[in-house]
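Please read the following account beside the sequence and the model, taking one site at a time.

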Amino acid sequence: MKPGDGYICFIVNPKSGAGSTRPLGRQFRQYLAARGFDIHAHVTRSLEHACELATDAAVDHDCALVVAVGGDGTVREVVRGLEGSDRPVLIVPGGTENLLASELGIDAHLQTLIDVFESGHIQRLDLGIVNNRCFTSIAGFGFDGEIVRRVSERRKGHITYADYVAPVWKTFWTYKYPAMTVTVDDKEFFSGRGLVFVGNIRRYGGGLRILRDANRGDGLLDVCVFKTDSRLSLLRMTLLMLLRSHIGAKNVLYKRARTITVTGDPAIRTQIDGDPGPALPVHIKVIPAAVNCLAPKGARPLGLRTRIKRIFG
């Protein structure tokens, strides 16, 4: 990309980013300005505003690239605004972990962003749609939805992993494991008590490889169900996940699909990309190759050590 190709639109969530990652967007912007690129920077007022800014950039022929500076929620809404357009997006990771950036191998180093930008390598990403809301990474139903609800209610600005400790602990001891029914491509896949995950990337928070076979550009979503009805069975499933041996285990169901429906008590909590999701029932579909994303060639997910260093600096 050359300066004459058009301006670069920065969409910045000022509330995202731990101390170790917050300067990264500014440093990358300074690098681009020094190269002669015209920068149009916008600070978001809300997630909806991030989507509006991206939508405006998508239809502006003078815009050559959108840079999303923020966490998973910010990235999700920017991608939503760009869906269906040719305008590429580059993620500058902020937030607690930024699952999509980690999956793409984009860490919190300026040189990584420079290398990705200069290579110009574009990867087409699928987009999940749940009840007309989008997600780029993973949607969860049940246990983790309840955790996200608790975190969201306590949130006062940027959150860290420490903010999850109390909600995880309380949910572990109080969760009742209500029954859900999952339909995959119009066929019943599961009915009973358990945890349900649907997504487009392999790794969840902390690097847990829940959706082991997920491919972010194959036109399919991966579904993983843990048949879990007690604290003891949840601990067993967690151990299997840590050992990366849960796929194929007795109480784990795994499938790839284009459409998924999850039904159950509307009180069951849901989450999409770490934010509270819609109430059940939900209908999920995939939009193949929905957005162009700048990514390292042969992108590989960040390792656990790199993730920890990015989080804690």
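Asn98 counts as buried, at 0% relative accessibility, where buried means under 20% relative accessible area, exposed over 50% and partly exposed in between (1.4 Å probe, protein chains only). Asn98 belongs to the loop between strand 4 (89–93) and helix 4 (99–104), helices (H or I, at least four residues) and strands (E, at least two) being DSSP runs numbered from the N terminus. From there the side chain of Asn98 reaches the backbone oxygen of Gly70 at 2.8 Å. This is a predicted model, in which local features need pLDDT of at least 70 and side-chain atom pairs count only at pLDDT 80 or more, whereas totals for chains, interfaces and linings use all residues. Residues are numbered from 1 along each chain as its sequence is written, and side-chain values use heavy atoms, with hydrogens and water left out.

Other loops hold backbone features to inspect. Most residues other than glycine have a negative phi, and most peptide bonds are trans. Tyr177, however, has a positive phi, near 55°, and lies in the loop between helix 7 (162–174) and strand 8 (179–184), where Tyr177 is buried with a relative accessible area of 2%. Arg244 likewise has a positive phi, near 60°, in the loop between helix 8 (231–242) and strand 12 (252–257), but Arg244 is exposed, with a relative accessible area of 54%. The peptide bond from Leu280 to Pro281 is cis, with omega near 0°, and Pro281 lies in the loop between strand 15 (275–276) and strand 16 (282–294).

Turning to charged side chains, the count comes to twelve salt bridges, each defined as a side-chain nitrogen of Lys or Arg within 4 Å of a carboxyl oxygen of Asp or Glu. In helix 6 (residues 143–154), Arg149 and Glu146 lie three residues apart, about one turn of the helix, and their side chains meet in a salt bridge at 2.5 Å, N to O. Arg149 also forms a salt bridge with Glu153, with the closest N and O atoms 2.9 Å apart; these two are four residues apart in helix 6 and so separated by about one helical turn. Arg149 is buried at 18% relative accessibility and Glu146 is buried at 11%, whereas Glu153 counts as exposed at 58%.

A further salt bridge joins Arg256 to Asp218, the closest N and O atoms being 2.6 Å apart. Because Arg256 lies in strand 12 and Asp218 in the loop between strand 10 (195–199) and strand 11 (221–226), the pair ties together parts that are 38 residues apart in sequence. Arg256 is partly exposed at 36% relative accessibility, and Asp218 is partly exposed at 27%.

The largest cavity contains about 40 Å³ of space, the volume being the space filled by probe spheres set on the points, which are joined across faces, edges and corners. Its lining consists of Val79, Leu100, Leu125, Asp126, Thr136, Asn200, Arg216 and Val291.

Methods. On a 1 Å grid over the protein atoms alone, a cavity is a set of points where a 1.4 Å probe fits but cannot get out, and a pocket is an open set with protein on both sides within 12 Å along at least five of seven lines; lining residues have an atom within 4 Å of a point. A polar contact is a pair of N or O atoms within 3.5 Å; within protein, one must be able to donate a hydrogen and the other to accept it, and residues adjacent in sequence count only if both atoms are side-chain atoms.
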